[in-house]
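Me: I'd like to learn how to read pockets, cores and helices in a model like this one. Could you walk me through it?

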Amino acid sequence: MRHRVSDELNYVDWFRHSSPYINAHRGKTLVILIPGEAFESPNFSNIIHDLALLDSLGIRLVLVQGARPQIDRALGNRRLSSRIEDGYRVTPQDQLIDVIQASSAVRVQLEAQLSMGLSNTPMANAGLRVCSGNYVVARPLGVVDGIDYGHSGEVRRIDRDAIFRLLEDDNMVLLPHLGFSPTGEVFNLKAEDVATQAAIQLKADKLIIFTEDEGIFDHKDELFSELLAHQADTILAQGSLSPETRNALEACLMAVRAQVPRSHIISFNENGGLLSELFTREGSGTMIDEDSYERLRLATIEDVGGMMQLLTPLEDKGILVRRSRELLENEIERFIVIERDGAIVACAALYPFEQERAGELACVAVSPEYRGSNRGERLLKGIEAEAKKQNLDTIFLLTTRTAHWFIERGFKETSLESLPAKKQALYNYQRNSKIFAKKL
């Protein structure tokens, strides 16, 4: 019974913390690429259920369907070889029917799954309406570097007006990787290109691409939860990604550079990965952002003047403990800052207690002119990332004024006795700060 109550409380806690994200996504347009490999994953039915849930929350969905492995099998069954050049499949006339049949079979499978109404599942009484049609206008790739791509093409335009009408009538829109020309020809398109152009031309709020990988990893095999565009450029230049992941990252990068606010890469094998990425602060995959004229970085000695201008008003109000210039200079390696056009607009510090594998989050400050735009969230993510690099298990903080902000981000109130002994000895009973901690 205790275990059941604990599970229920965990669920309630998760639901409460996800509600701001649910509200933020209502009415938004998401373009989601489901590659052919995802249809063969044991987790595919869960993805379908999650799509139904997103639809029920008032999120407008445009699904793009790929079929690479299915086409490979269809051609293999006829003992036909398939050629990939620069990420595009060469599609001769005698293979076009195999491509169309394989793609159509996958589309029917997806529409059938989205039509289920099984009781005791998220699909029960969902009443989803899925619309597909000739919404992708294409043109041939032609002959490139002496290679005739045959019936392989590229996106010319997306019929955005028709798609918008369908979305406004509460329909889910399905775009296959096939495009049609004004002369009546059919072209085999790269699914990533269809998804990217759909996101750009529909001015979607997000492009989401499912891949086998969980996201993008660094050289230490640690997952990037967020990548800026210039970081993505560096990773692509290294040439270490699998072809599928490279295609996904290139598509996400193109989308954000064409004013799609966010792009995401998540695994089709992770149960609930889509929901976690959208509705939790930690997410589950890699989010790609355009480069900003704001940047989060480690502080340097040259930042001390700007930090003092930021911190002094808060110290005067008693919100923060006063720090001298000398102290800031001596402890500068503990700080991270957000710099905007050369000015320091936010900062935070991490003081590690290595023996207890804990770190103190301190001196969190955002300039009044720049509050309300998730800069506090960025600082917290930066501190958590730094704590993990230092192999810390917990971060804690002492606060007198901002308890609820930290509670909403996963911190729980704790006792003085839970702190490292050195920190306990320094506790200021006159300030009577409340203590909060979070497991990493």
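Me: Which element gives the most to the lining of the second largest pocket?
Reply: Strand S20 does, with 7 residues. Bear in mind that this is a predicted model. The pocket has a volume of about 1300 Å³, and 46 residues line it, with Leu320, Leu361, Ala362, Cys363 and Val364 the closest to its centre. Among the other elements that give two or more residues are strand S19 (343-353) and helix H12 (375-389).

Me: How many residues of each class are in that lining?
Reply: Sort the lining by class and you get 22 nonpolar, 10 polar and 14 charged residues.

Me: Now the cores. Which residues have the most contacts inside the largest nonpolar core?
Reply: A core here joins buried nonpolar residues through side-chain atoms within 4.5 Å. The largest one has 46 residues, and Val31, Val62, Ile163, Val173, Leu175 and Leu249 have the most contacts inside it. Helix H8 (residues 243-257) supplies the largest share, 7 residues. Another core, of 38 residues, lies apart from it and includes Ile34, Leu57, Leu110 and Leu275.

Me: What does Val173 touch beyond its neighbours within four places in sequence?
Reply: Val173 is in contact with Leu61, Val62, Leu63, Cys131, Tyr135, Ile163, Leu166 and Leu167.

Me: And helices: why is H6 described as largely enclosed?
Reply: Buried means under 20% relative accessible area. In H6 (residues 191-201), 10 of the 11 residues are buried, so the helix is largely enclosed by the rest of the structure. Among the buried ones are Glu192, Asp193 and Gln201. After H6 comes Lys203, with a positive phi near 55°.

Notes. Residues numbered from 1 in each chain as written. Predicted model: local features only at pLDDT ≥ 70, side-chain atom pairs only at ≥ 80, totals over all residues. Heavy atoms only, no water. Buried < 20%, exposed > 50% of the residue type's maximum accessible area, 1.4 Å probe, protein only. Helix = DSSP H or I, 4+ residues; strand = E, 2+ residues; numbered from the N terminus. Contact = heavy atoms within 4.5 Å. 1 Å grid on protein atoms, 1.4 Å probe; cavity = no way out; pocket = protein on both sides within 12 Å on 5 of 7 lines; lining within 4 Å. Points joined across faces, edges and corners; volume = space filled by probe spheres on them. Nonpolar A, V, L, I, M, F, W, Y, C, P; charged D, E, K, R; others polar.
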